[in-house]
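Biologist: Please go through one part of this model closely, the sheet and the loops around it. State each cut-off once, as you need it.

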Amino acid sequence: SPLAGLNNLTLLSLDYNPISDISALSGLINLIWLSLLGNSISDLSPLVANTGLGQGDAIIVNGNPLNNASINTHIPALQRRGVRVDFDDPFDKPVDIPDSNLRTAIEKALRKASGVTITTEDMKHLPQLIAPNASITDLTGLEGATNLTLLELGNNFISDLSPL
């Protein structure tokens with residue numbers, strides 16, 4: 001492999017290529033950051049075989065058609081070694097938040113940019129939402145905020161509490 005001799009490589013970005021086979025990466029043991037966004041990779045086992053990947057290292061594989069073994073076995077194995085792995089969780093879906101004022105309040109609470117997709121996983125990481133006087137009328141979308149401990153929505157225009 002052309003990459004085999006690049007033993008000192010620590011940072012590697014190969015985003016948006018038609019890459020499907022990453023076996024050449026198993027020997028790059030000095031990698032600490034690897035980005036493979038938007039490729040055609042299904043099998044992450046070569047990354048598990050890379051003994052250099054460990055605590056504090058990061059792998060980004062969003063936008064790849066990962067197989068079940070990669071999602072259920074290989075990614076957890078890397079995470080147990082302390083590797084941060086960013087990937088598309090097939091159970092992490094976009095949340096519909098039709099009220100633009102509620103959406104703005106949630107974006108602010110999650111420290112997300114305006115208009116960025118808010119997912120079911122994001123909503124699980126919302127511990128509090130404080131949005132008084134925000135002209136909120138619809139609470140749809142809050143049903144996924146299962147770890148919410150504080151909700152302050154005084155002086156809004158809410159009439160239906162069913163999403164809670």
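Modeller: Buried means under 20% relative accessible area, exposed over 50%, and partly exposed in between, with a 1.4 Å probe and protein chains only. The model is predicted, so local features need pLDDT of at least 70 and side-chain atom pairs pLDDT 80 or more, while totals for chains, interfaces and linings use all residues. Residues are numbered from 1 along each chain as its sequence is written, and side-chain values use heavy atoms, without hydrogens or water.

Helices (H or I, at least four residues) and strands (E, at least two) are DSSP runs numbered from the N terminus, and two strands pair if DSSP finds at least two bridges between them. Ile59 has Val85 of strand 4 as its bridge partner.

Now the loops that leave these strands. Asn39 sits in the loop that runs between strand 2 (33-35) and helix 1 (45-49). Asn39 is buried, at 5% relative accessible area. A polar atom of the Asn39 side chain lies 3.0 Å from the backbone nitrogen of Asn17; a polar contact is a pair of N or O atoms within 3.5 Å, one able to donate a hydrogen and the other to accept it.

Pro98 belongs to the loop between strand 4 and helix 3 (100-110). Pro98 is partly exposed, with a relative accessible area of 46%. Between Pro98 and Asn155 there are 57 residues of separation in sequence, and their C-alpha atoms are 19 Å apart.

Arg111 is not a glycine, yet its phi is positive, at about 60 degrees. Its relative accessibility is 81%, which counts as exposed. Ser135, in the loop between strand 5 (128-130) and strand 6 (150-152), has a positive phi near 60 degrees and is likewise a residue other than glycine. Ser135 is partly exposed, with a relative accessible area of 37%.
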